[in-house]
Amino acid sequence: MTRPKINLALQGGGAHGAFTWGVLDRLLEGNEVEIAAITGTSAGALNGAAVKAGLIESGPEGARAALDWVWSRVGQLADLAMPDWLQPFLPTTPQLSHAIEMSPPYALGDFIARTTSPYSYGPFYRNPLEPIVRDMHFGRICAGDGPALFICATNVRSGKIRIFSGEEITPDAIMASACLPTLFQAVEIPGEDGTLEAYWDGGYSGNPALFPLFRPELPSDIVIVNINPLYRDDLPYAPHEIMNRVNEISFNSSLLRELRSIHFVQRLLDDGTIAEGAMKRLHIHMISDDDLMADLSVATKTVPSALIIQRLKEAGRKQADRFIETQYDALGTRPSVDLREMFD
């Protein structure tokens with residue numbers, strides 16, 4: 001049986017990228033699909049790079065191992081050797097999120113981040129992501145084999161998105177994609193003319209960027225792994241709730257704009273305004289868990305908790321399994337996300 005080819009679009013969201021880890025782990029384990037291309041931002045870039053390097057090294061199992069290695073470094077999951085009988089006695093995910101958000105160390109760190117520039121730290125400045133990224137295998141990440149890989153970052157001066165691909169994907173490119181400006185100094189990378197350009201997190205301009213996947217040689221199916229809630233029932237009132245929702249809206253805005261543009265083109269194709277074949281007809285799919293993400297906050301994005309990371313991975317595996325069970329037949333034939341309902 002021929003496996004359907006898909007493109008993966010991996011959102012950024014700090015430690016919440018562990019949900020994407022779970023999704024990828026399940027897709028790789030089942031081997032029901034072939035990954036043709038990956039576009040990723042921030043944690044999505046880290047996940048995408050790990051998948052590509054692992055696939056080239058030793059196939060799906062190599063990719064799963066590479067993801068395990070990355071997230072064990074991020075969350076120190078090796079310390080989470082808890083027996084099943086202990087799980088019911090552990091705090092719930094909302095309780096953990098609230099505890100982190102209300103903890104004095106987080107409150108102090110948040111205050112410092114809002115009032116102090118990362119350029120004030122002088123020789124004490126250090127990006128904690130750097131040792132992890134620099135230990136990755138960039139010979140495989142930049143290889144011409146395996147899925148095409150696109151990494152998104154935001155040019156600080158112009159505000160425009162930059163897409164890194166091929167040999168442009170360096171450790172600095174991945175760190176630029178994940179560079180929150182209140183926490184980290186901008187990452188400077190030479191442009192085509194050799195001039196240094198400064199970059200911040202790609203989520204401000206493409207979270208992730210979908211347009212690199214519109215190339216004619218790539219399949220029509222785009223599976224978006226969304227880790228920022230699109231919708232929340234409750235209106236935020238407390239200051240931290242307001243800032244959390246502002247963060248979610250900001251990091252979804254570029255994705256929603258691209259989806260609206262895709263919807264517009266599909267409508268023109270459907271009513272014959274654009275001739276069939278003149279523009280690519282795309283099949284949009286999404287794997288997400290807004291209910292779980294609504295229990296979390298910006299605090300759990302920036303403060304990795306081994307327990308929450310493990311729960312996010314398990315939730316990602318569960319949602320990917322559900323996608324395979326309920327939407328697998330749509331791959332290659334039709335979208336499973338109703339863009340008309342989303343935007344009309």
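Which residues in helix 2 meet which residues in helix 11? The legends below take up this contact and its surroundings. This is a predicted model, in which local features need pLDDT of at least 70, side-chain atom pairs count only at pLDDT 80 or more, and totals for chains, interfaces and linings use all residues. Residues are numbered from 1 along each chain as its sequence is written, and side-chain values use heavy atoms, with hydrogens and water left out.

**View 1. Helix 2 against helix 11.** Arg64, Asp68, Trp71, Val74 and Gly75 in helix 2 meet Ala306, Ile309, Lys313 and Arg317 in helix 11. Contact means heavy atoms within 4.5 Å. By class, this contact has four nonpolar, one polar and four charged residues. Ala, Val, Leu, Ile, Met, Phe, Trp, Tyr, Cys and Pro count as nonpolar, Asp, Glu, Lys and Arg as charged, and the others, Gly among them, as polar. Helices (H or I, at least four residues) and strands (E, at least two) are DSSP runs, numbered from the N terminus. The axes of helix 2 and helix 11 lie 10 Å apart, at an angle of about 150°. That makes helix 2 roughly antiparallel to helix 11. Axes are lines fitted to C-alpha atoms, for helices over the stretch in contact, and angles run from 0 to 180 degrees between N-to-C directions. Angles under 35 degrees count as roughly parallel, over 145 as roughly antiparallel, 65 to 115 as roughly perpendicular and the rest as oblique.

**View 2. Helix 1 across helix 11.** Helix 1 (residues 17-30) and helix 11 (residues 306-327) have axes that come within 6 Å and cross at roughly 45°. Helix 1 is therefore oblique to helix 11. Residues of helix 1 in this contact include Phe19, Trp21 and Leu27; among those of helix 11 are Ile309, Leu312 and Ile324. The contact has ten nonpolar, three polar and six charged residues.

**View 3. Helix 1 alongside helix 2.** Here the axes come within 9 Å and cross at roughly 20°. Helix 1 is thus roughly parallel to helix 2. The class count is eleven nonpolar, three polar and four charged residues.

**View 4. The kink in helix 2.** A kink of about 140° lies at serine 58, shortly before proline 60. The bend at a residue is the angle between axes fitted to the seven residues ending there and the seven starting there.

**View 5. Two backbone details in loops.** Asparagine 31 has a positive phi of about 55° although it is not a glycine. Asparagine 31 sits in the loop between helix 1 and strand 2 (34-41). The peptide bond from asparagine 207 to proline 208 is cis, with omega near -10°. Proline 208 lies between strand 6 (196-201) and strand 7 (221-225), in the loop.
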